[in-house]
Amino acid sequence: MSPVVKVRDPSLAERGRVQIEWAERHMPVLMRIRERFRKERPLEGIKIAASLHVTKETAVLVRTLIAGGAQVALAPCNPLSTQDDVAAALAEEGVYVYAWRGMSERDYYNAIGNALSIEPDITMDDGADVITTFHKLALGVEDDTTRWARETAGERDYSKLIEKVLGGTEETTTGVIRIRAMERQGILRYPVIAVNESYTKFMFDNRYGTGQSTWDGILRATNILVAGKVVVVAGYGWVGRGVAMRARGLGARRVIVTEVNPVRALEAVMDGFEVMPMIRAAEIGDIFITATGNMKVIRREHMERMKDGAILANAGHFNVEIWIPDLEELAVSKREIRPGVTEYTLRNGRKLYLLGEGRLVNLVCAEGHPSEVMDMSFSNQALAVEYLVKNRGRLEKKVYKLPDELDTEVARLKLQSMNIEIDELTEEQRKYLESWTTGT
Ligand code: NAI
């Protein structure tokens, strides 16, 4: 079987093209890399199986990889985040897109299987579903995900196919955690670049991108006023920091952080936020946002204590942070009150409002990160793919960070695109910083 194209509505292509054009205007660094790729063709003949949110920014990345000579089969990395117009536009341009908004779980793994049927040289992930499914297939694991993937990928010798893979890339914290677990268990079959570990990725995308777009999703879904509200942010990692910072900027009356890590909790306190356990915050909050990458962070005992009208949203990668089975069990009824807003009426008579089915609220209820920030994340992705090709055969079956020079280069180009100049070290300063002999 070869990859096929399956999108919601091909007639949306024109609308999608205009959206992509808008993103391209705001992604100058990636566009510069595209120009270079077009001239140098570093990815000639490389086949890429990608699982990314199918958004206008991803389209800019895909076009860049194609300009470099690659062939791309694109699956989503979340069943609800696909922008159908963008998917249609990419399909028209010859990309093997298999994605539409509102896929079932089976469709989703059919999409992953479709991407794998390109017989990739490189896998590209946001959340690690392609790489984990590929490894499960190679190891002969039988479960729903592998069965559904094989429905589109067909019967192949996956253990042989996986041996020819040059490497993979991973975009997000949760995906890196999963791939590091594979590395620890000794089952990782090819090198992976943890794009998330580039400074020009996590410090900007996770913090400023999610910080803004999470609020964009909450506001588009609910149209509530944040000023005067009590906001509870679970997790004070890069995402949590951004979400908490922007809650304050929108005028929240109190911003409460919950944590399990003492250092992060202390940082939140010194950044001026209140810190307390979720069980106490549950009684106080008007809006709850999870950003931990962990499961069951908001569960039954918390839901039972929440105020009538509390809003629950998740910014973490999977829909496990707000434990929906508990919400379903506690509820006597539920209805969709606005697109993306489910009202649960609990046995105690209170109503709780879950946004975007507990999935990434910024992608389900809005459009994901602004293009400016994806410019840096996806420049790292493009450079990571080039790096894997250039270093073919030289890397071990391990998780790597992109070299610092490439990370710094992304920052340099971004500053240049913003017309911001910085100082350079003088020769004397360089020597001073490298020496140990000079004291006061
Ligand atoms: P991180 O590792 O920097 O931070 C996570 C924080 O959550 C840590 O400080 C950890 O101690 C804390 N935590 C873990 N369990 C907790 C619990 N039960 N209660 C309270 N705190 C807990 O990770 P980062 O980069 O902030 O990412 C968080 C999640 O967001 C990941 O799933 C990541 O993949 C996802 N993400 C989502 C984006 C989006 O577009 N919505 C963009 C970037 C990342």
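Domain bounds here come from an automatic or database domain assignment. I kept that in mind while going through this predicted model.

**Entry 1, the two domains.** I looked up how the protein chain is divided. Domain 1 takes in 10-201 + 369-417, and domain 2 covers 208-364. I then checked the spacing: the centres of domain 1 and domain 2, taken over C-alpha atoms, lie 29 Å apart.

**Entry 2, where they meet.** How many residues of domain 1 are in contact with domain 2? I found 17 residues of domain 1 touching 14 residues of domain 2. Together the two domains bury about 1200 Å², with carbon and sulfur atoms giving 63% of that area. On the domain 1 side, Leu80, Thr174 and His369 supply 40% of the area buried against domain 2, more than any other three residues.

I went looking for salt bridges across the interface of domain 1 and domain 2 and came back with zero. Polar contacts did turn up there, in five residue pairs. The residues of domain 1 that touch domain 2 split into five nonpolar, eight polar and four charged.

A polar side-chain atom of Thr172 sits at 2.7 Å from one, and a polar side-chain atom of Asn362 at 2.8 Å. For Val239 a polar backbone atom is involved, at 2.9 Å from a ligand oxygen. Last, I checked the cover: the ligand on its own has 860 Å² of accessible area, and the protein covers 87% of it.

Technical notes:
Residues numbered from 1 in each chain as written. Predicted model: local features only at pLDDT ≥ 70, side-chain atom pairs only at ≥ 80, totals over all residues. Heavy atoms only, no water. Contact = heavy atoms within 4.5 Å. Buried area = accessible area lost by both parts, 1.4 Å probe. Salt bridge = Lys/Arg side-chain N within 4 Å of Asp/Glu carboxyl O. Polar contact = N/O pair within 3.5 Å; in protein donor to acceptor, adjacent residues only side chain to side chain. Nonpolar A, V, L, I, M, F, W, Y, C, P; charged D, E, K, R; others polar. Areas by Shrake-Rupley, 256 points an atom, 1.4 Å probe, with all protein chains shown as cover.
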